[in-house]
Amino acid sequence: MMSEHNTALPDGASANSLAHFAEALSFMRVRAPKGSGINYWCVEPTGAYGNDCAIGAKLATEYLEFIGKHPTVGHATLLNCIVSDIHKNAGSRQFSGIEVGFFRQINQFAMVAAQLWTGNLPKGGAQ
């Protein structure tokens, strides 16, 4: 299950007005005490693989929308930090559906972006 955190920005807030970008993404936390870093992947699987895949896809969409709206130099390396913490937090367990769904959604977006980049657009509909 996703950890309980804000899934939307507080009323009247923008990502620029938050104390830290980690407050804008539901799956991140600023570590305590202040200055001790960020936990970039704060999720717990539900144990229901299909539901977890859907949760992961929603988290990826949340991430992609965030970086699309806030394309900064710092955010250009944000995925590296997320992947690092996914790996670190997984320990010896296999990835859950949350991670599988997250990476699948990121990869689907990357494929579309790559098609646009290379001009390899499908003719007459999606493939």
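View 1. Arginine 31 is partly exposed, with a relative accessible area of 32%. In this predicted model, the side chain of arginine 31 meets that of aspartate 85 in a salt bridge, with 3.7 Å from N to O. The two residues stand 54 residues apart and link distant parts of the chain: arginine 31 belongs to the loop between β1 (29-30) and β2 (38-39), and aspartate 85 to helix α2 (residues 78-90). Aspartate 85 is buried, because its relative accessible area of 3% falls under 20%.

View 2. An α-helix has 3.6 residues a turn, so residues three or four places apart point the same way. Lysine 88 is exposed, with a relative accessible area of 55%.

**View 3. Arginine 93 and glutamate 99.** The structure holds three salt bridges, one of which is formed by arginine 93 with glutamate 99. Their closest N and O atoms are 3.3 Å apart. Arginine 93 counts as partly exposed, at 34% relative accessibility, whereas glutamate 99 counts as buried, at 1%. Elsewhere, salt bridges that share partners join Arg31, Asp85 and Lys88 into one network.

**View 4. Helix α2 along its length.** The helix has 13 residues, which at 1.5 Å a residue should span 18 Å. After α2 comes glycine 91, which has a positive phi, near 60°.

View 5. The buried residues of α2 are Leu78, Ile82, Asp85, Ile86 and Ala90. They cover an arc of only 125° around the axis, so they sit on the same side of α2. Packing against these buried residues are β2, α1 (49-69) and α3 (97-118). The face turned away from the buried side carries Asn80, His87 and Lys88, which are exposed.

View 6. Tyr49, Phe95 and Val100 make a nonpolar surface patch of about 290 Å². Of these residues, phenylalanine 95 is found in the loop between α2 and α3. Phenylalanine 95 counts as partly exposed, with 41% relative accessibility.

View 7. Alanine 32 and proline 33 are joined by a cis peptide bond, with omega at about 0°. Proline 33 has its place in the loop between β1 and β2. Arginine 31, the partner of aspartate 85 in a salt bridge, is also in the loop between β1 and β2.

Conventions. Residues are numbered from 1 along each chain as its sequence is written. This is a predicted model: local features need pLDDT of at least 70, side-chain atom pairs count only at pLDDT 80 or more; totals for chains, interfaces and linings use all residues. Side-chain values use heavy atoms; hydrogens and water are left out. A salt bridge is a side-chain nitrogen of Lys or Arg within 4 Å of a carboxyl oxygen of Asp or Glu. Helices (H or I, at least four residues) and strands (E, at least two) are DSSP runs, numbered from the N terminus. Buried means under 20% relative accessible area, exposed over 50%, partly exposed in between (1.4 Å probe, protein chains only). The expected span of a helix is 1.5 Å times one less than its number of residues. The arc is that of the directions from the helix axis to the C-beta atoms. Contact means heavy atoms within 4.5 Å. Patches are made of residues with over 30% relative accessible area and no salt bridge: like charges are joined within 9 Å, nonpolar side chains (Val, Leu, Ile, Met, Phe, Trp, Tyr) within 5 Å. Accessible areas come from the Shrake-Rupley method with a 1.4 Å probe; for residues, only the protein chains shown count as cover.
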